[in-house]
Amino acid sequence: MKILPGPASKELGEKIASLLGVEVVPVFFKAFPDGESYVRLEGEVKGEDAVVVQTTSPPQDTRLIQLALIADAAKRNDAKRVLAVVPYLAYARQDKVFLKGEAISIEAIARMLGAAGVDSLITVNIHEKNVLARFPFPAKNLSAIPLLAEHFKQRGFSNAFALAPDKGAVSIVQEAAAVLGCECGYLEKHRDRYTGLVSVEKREFNVKGRTAIIFDDIISTGGTIVAAANLLYELGAAEVYAACVHPLLVGEAEKRLREAGVKEVVGTDTVPGSVSKVSLAPLLAQALREL
């Protein structure tokens, strides 16, 4: 097995290789003046399992193309298998038709990766894990929620209240609460499919004077977390934290969260950035050991 860290996940790929004690094959990349991507493997992969580590957070399209090109290069250089480790899998939230005329984007992406040479895929907290059954190759979903919860546990947050910002995140908050040994609850969220505006149904939780941690898979614009934080403070929470696997934090999301009173955002390195305080290298290395 050899690790091929893509340009979007170079540090994570190198950490995984270190934990596994395997060789890193550097990937040279550049953009041509017209914006097209170029990649080249700077090492041998012949007869090896080539593990391409490349997240596909913004700019998603560029990073997806880079991933496909690295997979193609590995196959053309006689890799035995191409295993894609894609911590954040772009387009996964576009997994069904809501309005007439829409594409099912994640299925198109999966077919593209298969055509590029990907033989199997590992991702983390995909929005809807059942979609992986539609991929043209084996695909596995891992959960980073226990690692996030352990981060807060080590900081002494075992008496916190864990909140899911919507019903879809119930399993996430239950995972977190199991590690923290704390109470948990969830909100009913409503999003306008045309405007994207989010509202939450007011509910009662035992948070007065307590720390609350909002757990979710993705924080994108921050609208859902802001609505949840506002409600928690209305109910008397002493302080509110936000934890997510994929901290996209688009535009001024971080500023919006601070203004809503969120004391700290803790994310993982599926999306490298200033809030990526929990590394998934141990989780991903263990998954690769078990292949």
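How many salt bridges does the count come to? The points below start from that count.

1. **Count and model.** The count comes to 13 salt bridges. The model is predicted.

2. **D95 and K96.** D95 forms a salt bridge with K96. The closest N and O atoms of this pair are 3.4 Å apart. D95 is buried, because its relative accessible area is 3% and the cut-off for buried is under 20%. K96 counts as partly exposed, at 41% relative accessibility.

3. **E107 and R134.** Here the side chains meet in a salt bridge, with N to O at 2.5 Å for E107 and R134. The pair links distant parts of the chain. E107 belongs to helix α3 (residues 105-116). R134 sits in the loop between β7 (120-124) and β8 (139-142). The two residues are 27 residues apart. R134 is partly exposed, with a relative accessible area of 41%.

4. **E264 and R155.** These side chains also meet in a salt bridge: E264 to R155 is 2.8 Å, N to O. E264 lies in strand β15 (residues 262-268), while R155 is in the loop between α4 (145-154) and β9 (161-164), so the pair ties together parts that are 109 residues apart in sequence. E264 counts as buried at 16% relative accessibility, because the cut-off is under 20%. R155 counts as partly exposed, at 37%.

5. As background, side chains of opposite charge can pair when their charged atoms come close.

6. Strand β15, which holds E264, is part of an open sheet of six strands. The order is β10-β9-β13-β14-β15-β16, and the pairing is parallel. β10 (184-186) and β16 (276-278) stand at the edges. Each has a single partner strand, so one side of each is left without a neighbour in the sheet. From one strand to the next, the twist averages 35 degrees.

7. **Inside the sheet.** β9 pairs with strand β13 (residues 211-219) in the parallel sense, over three bridges. The bridge partner of F161 in β13 is A212. Strands of a sheet pair through backbone hydrogen bonds, either parallel or antiparallel.

8. **Helices on the sheet.** α4 lies across β13, β14 (239-247), β15 and β16. Its run is at about 150 degrees to β14. Helix α6 (residues 223-234) lies across β9, β13, β14 and β15. Helix α6 runs at about 170 degrees to β13.

9. **Whole chain.** The protein chain has eight helices and 16 strands. What radius of gyration does the protein chain have, and what would a compact globule have? With 291 residues, a compact globule would have a radius of gyration near 19 Å; the chain has 20 Å, which agrees. The C-alpha trace spans about 60 × 45 × 35 Å along its principal axes.

10. **Burial, contacts and surface.** Buried residues make up 50% of the 291 residues. Among contacts between residues at least 6 apart in sequence, 65% join residues at least 24 apart. The protein chain exposes about 13,400 Å². Carbon and sulfur atoms supply 49% of that area.

Terms used. Residues numbered from 1 in each chain as written. Predicted model: local features only at pLDDT ≥ 70, side-chain atom pairs only at ≥ 80, totals over all residues. Heavy atoms only, no water. Salt bridge = Lys/Arg side-chain N within 4 Å of Asp/Glu carboxyl O. Buried < 20%, exposed > 50% of the residue type's maximum accessible area, 1.4 Å probe, protein only. Helix = DSSP H or I, 4+ residues; strand = E, 2+ residues; numbered from the N terminus. Pairing = 2+ DSSP bridges. Axes fitted to C-alpha atoms, helices over the stretch in contact; angles between N-to-C directions. Contact = heavy atoms within 4.5 Å. Rg over C-alpha atoms; globule rule 2.2 N^0.38 Å. Areas by Shrake-Rupley, 256 points an atom, 1.4 Å probe, with all protein chains shown as cover.
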